[in-house]
Amino acid sequence: MKDEIFKEPIKKQFEFDASVASVFDDMIGRSVPFYEASTRLSSELLARILPQNARVIDLGCSTATALLALFALRSDLRLCGIDSSEAMIQNARAKAAAFGAKLELSVSDVLDASLADCDAVILNYTLQFIRPPRRAALVSKIYDGLREGGVLIFSEKIVYEEPALARQMIEIYEDYKRAQGYSRYEIAQKREALENVLVPYTEAENRALALSAGFKRVESIFKWANFMSFAAFK
């Protein structure tokens, strides 16, 4: 379905409810620049470096796009998806069935998820929705749950430290969304709905989160304006 949620006046803050889940694939495809390409890149990296029968957990898996991309490359992997939205998981199950993919999908708050003995964790534009005081604890929990040599792949909307550059990047991004068919009104509506719900960090702050948790190194694997993907290695 096409994302037309913000054509009407907003009545609440943004949340991943049934209405968002029903249009989520269209929404993220048109709202996150090069989403398909960056997801494919992350999947190809994991497919190359993970051992046989590795366990991968996608926290905030939404409709399982990342897991299905990985399944297409490595059917031996144990793929698990966790999301707090029942509607998202229902859609993920339907997509998995359509692709013939065996995914372990469950509804849970990502902060409460069991992460023991996994080889990779994916946080695809999820960390930015976790309240800042709780982010460090989640990244530390992920680090503790990863086996030695494991990897955390995380993508985030970032902010720039220099104010003028930050404004210019926002303007470029809004031009991008208009090119995807969103009106100025829809863009403004969504921005208001996301205020204080999506709280982005700078690139340096995101790197520091992973390094402070104990990860040996954090590499940038994708960047377009204020959207960025990282790989953190244990």
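Helices (H or I, at least four residues) and strands (E, at least two) are DSSP runs, numbered from the N terminus. The model is predicted, and local features need pLDDT of at least 70, side-chain atom pairs count only at pLDDT 80 or more, while totals for chains, interfaces and linings use all residues. Residues are numbered from 1 along each chain as its sequence is written, and side-chain values use heavy atoms, with hydrogens and water left out.

**Two loop residues**

- Most residues other than glycine have a negative phi.
- Phe34, in the loop between helix 1 (18-31) and helix 2 (35-49), has a positive phi near 60° although Phe34 is a residue other than glycine.
- Phe34 has a relative accessible area of 45% and is partly exposed, a term that lies between buried (under 20% relative accessible area) and exposed (over 50%), with a 1.4 Å probe and protein chains only.
- Asn53, placed in the loop between helix 2 and strand 1 (55-59), likewise has a positive phi near 60°, and Asn53 counts as partly exposed at 47% relative accessibility.

**Helix 3 and helix 4**

- The axes (lines fitted to C-alpha atoms, for helices over the stretch in contact, with angles from 0 to 180 degrees between N-to-C directions) of helix 3 (residues 65-73) and helix 4 (residues 86-99) come within 10 Å and cross at roughly 20°.
- Helix 3 and helix 4 are therefore roughly parallel to each other, a description used for angles under 35 degrees.
- In contact, meaning heavy atoms within 4.5 Å, Thr65, Leu68 and Phe71 of helix 3 meet Lys95, Ala96 and Phe99 of helix 4.

Methods
Angles under 35 degrees count as roughly parallel, over 145 as roughly antiparallel, 65 to 115 as roughly perpendicular and the rest as oblique.
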